[in-house]
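Colleague: Before we go into any detail, could you bring up the model, so that we can go through it question by question?

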Amino acid sequence: MNFAELPATITGVILLIFRELLKEKERSGMSVDELVESALKQTTANEDRIKELLETVKQDMQ
Amino acid sequence: MRRQIAILGLLLLTIAGSACDKSKEFAKNADRIAGYVATGIDIAEKDLPSGSNAQIQTLTALRAVNTINGEITAEAKKYISADGKRLELTGVGKDKLLQILASGNTTIQSLLKNEDFINLPDEKRTRIMSTINDLTETFAVMVELVDAVKTK
């Protein structure tokens, strides 16, 4: 399969699926408290990114 | 495929009936949701026109889902057993988690009805829809898991 010839959307979706599958493998080896800590860490990182993006949009609009 | 995996996961959990399995599935789902939100942010940042209503609305909705998932996870953390292997929920804790989950589901459904989002070009909407569908299914699975966890 030549990925370069696939439309960008399909390539993007395939890459997302691969990423999720790798993460799932990682999750299977983690304990409950490790998973909860991972979720909290990612949640904090998400909040920081969203805040930054919305701030950038706000500044661009001024 | 995710729906089938989620349903299969639920059936396996019902058969196994193990507190550890249900707790781990719950914790995995919390981590999955955080991951899906991160994916949604990637899509909003790269695929949606910068500063557009669609981008702002999507980021705002993702933020709400993220906050709710953070609340669920922080609440669940209080009930982790000493060995880190299972959740030991009380009746009050269970009710609290279910309330937070119901709120999360409402937030996701509101994004699906948002006109700025509905009017996006098919290609962009498809990628976001896939992520939102994953979120919806995962929240539904989490409700089932919390319901099934035995209380102390």
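Colleague: Since this is a predicted model, which element of chain B has the lowest mean pLDDT?

Modeller: Chain B as a whole has a mean pLDDT of 79, with 83% of its residues at 70 or more. Among its elements, H3(B) stands at the top with a mean of 88, while the lowest mean, 50, belongs to the helix covering residues 2–16, which is helix H1 of chain B.

Colleague: How many contacts beyond near neighbours in sequence does the stretch of residues 11–17 of chain B have in the model?

Modeller: Over residues 11–17 of chain B the pLDDT is below 50. Where pLDDT is low, the predicted coordinates should not be read in detail. With that caution, the number of contacts that this stretch has in the model, beyond near neighbours in sequence, is eight.

Colleague: What share of the contacts in chain B with a separation of 6 or more comes from residues 24 or more positions apart?

Modeller: The secondary structure of chain B consists of six helices and zero strands, so that from the N terminus on its elements read α-α-α-α-α-α. Among the contacts with a separation of 6 or more, the share from residues 24 or more positions apart is 74%.

Colleague: And in chain A, what percentage of the accessible surface belongs to carbon and sulfur atoms?

Modeller: Chain A has two helices and zero strands, and 29% of its 62 residues count as buried. Its accessible surface comes to about 4300 Å², and the part belonging to carbon and sulfur atoms is 61%.

Colleague: Is A:Leu54 buried or exposed?

Modeller: A:Leu54 sits in helix H2 of chain A, and, neighbours within four places in sequence aside, it is in contact with B:Ile56, B:Leu59 and B:Arg63. Its relative accessibility is 19%, and the cut-off for a buried residue is under 20%. Because 19% falls under that cut-off, A:Leu54 counts as buried.

Colleague: Which residue of chain A does B:Ser23 touch?

Modeller: B:Ser23 belongs to helix H2 of chain B and is buried, with a relative accessible area of 0%. When residues up to four places away in sequence are not counted, B:Ser23 touches B:Lys85, B:Arg86 and B:Leu87 and, from chain A, A:Val32.

Colleague: Which element supplies the largest share of the lining of the largest cavity?

Modeller: A search of the whole structure finds two cavities of 30 Å³ or more, and about 50 Å³ of space lies in the largest. Its lining includes B:Gly40, B:Thr58, B:Leu111 and B:Ile128, and by class it divides into six nonpolar, three polar and no charged residues. Helices H2 (19–47), H3 (53–77) and H6 (122–148) of chain B each supply at least two residues. The largest share, four residues, is that of H6(B).

Colleague: Which element gives the most to the lining of the second largest cavity?

Modeller: The second largest cavity has a volume of about 40 Å³, and it is lined by B:Ala61, B:Leu62, B:Val65, B:Ile108, B:Leu111, B:Ile132 and B:Leu135. Two or more of these residues come from each of H3, helix H4 (91–113) and H6 of chain B. By class the lining has seven nonpolar, no polar and no charged residues, and the element that gives the most, with three residues, is H3(B).

Colleague: How many charged residues does the lining of the second largest pocket have?

Modeller: The second largest pocket, with a volume of about 220 Å³, has a lining that includes A:Lys23, A:Glu26, A:Arg27 and A:Lys41 as well as B:Asp31 and B:Gly35. Two or more residues each come from helix H1 (8–28) and helix H2 (32–61) of chain A and from H2 of chain B, with H2(A) giving the largest share, four residues. By class there are two nonpolar and three polar residues in this lining, and the number of charged residues is five.

Terms used: Residues are numbered from 1 along each chain as its sequence is written. Chains are lettered from A and ligands numbered from 1 in the order in which they are written. This is a predicted model: local features need pLDDT of at least 70, side-chain atom pairs count only at pLDDT 80 or more; totals for chains, interfaces and linings use all residues. Side-chain values use heavy atoms; hydrogens and water are left out. On a 1 Å grid over the protein atoms alone, a cavity is a set of points where a 1.4 Å probe fits but cannot get out, and a pocket is an open set with protein on both sides within 12 Å along at least five of seven lines; lining residues have an atom within 4 Å of a point. Grid points are joined across faces, edges and corners, and a volume is the space filled by probe spheres set on the points. Ala, Val, Leu, Ile, Met, Phe, Trp, Tyr, Cys and Pro count as nonpolar, Asp, Glu, Lys and Arg as charged, and the others, Gly among them, as polar. pLDDT is the predictor's confidence in each residue, from 0 to 100. Contact means heavy atoms within 4.5 Å. Buried means under 20% relative accessible area, exposed over 50%, partly exposed in between (1.4 Å probe, protein chains only). Accessible areas come from the Shrake-Rupley method with a 1.4 Å probe; for residues, only the protein chains shown count as cover.
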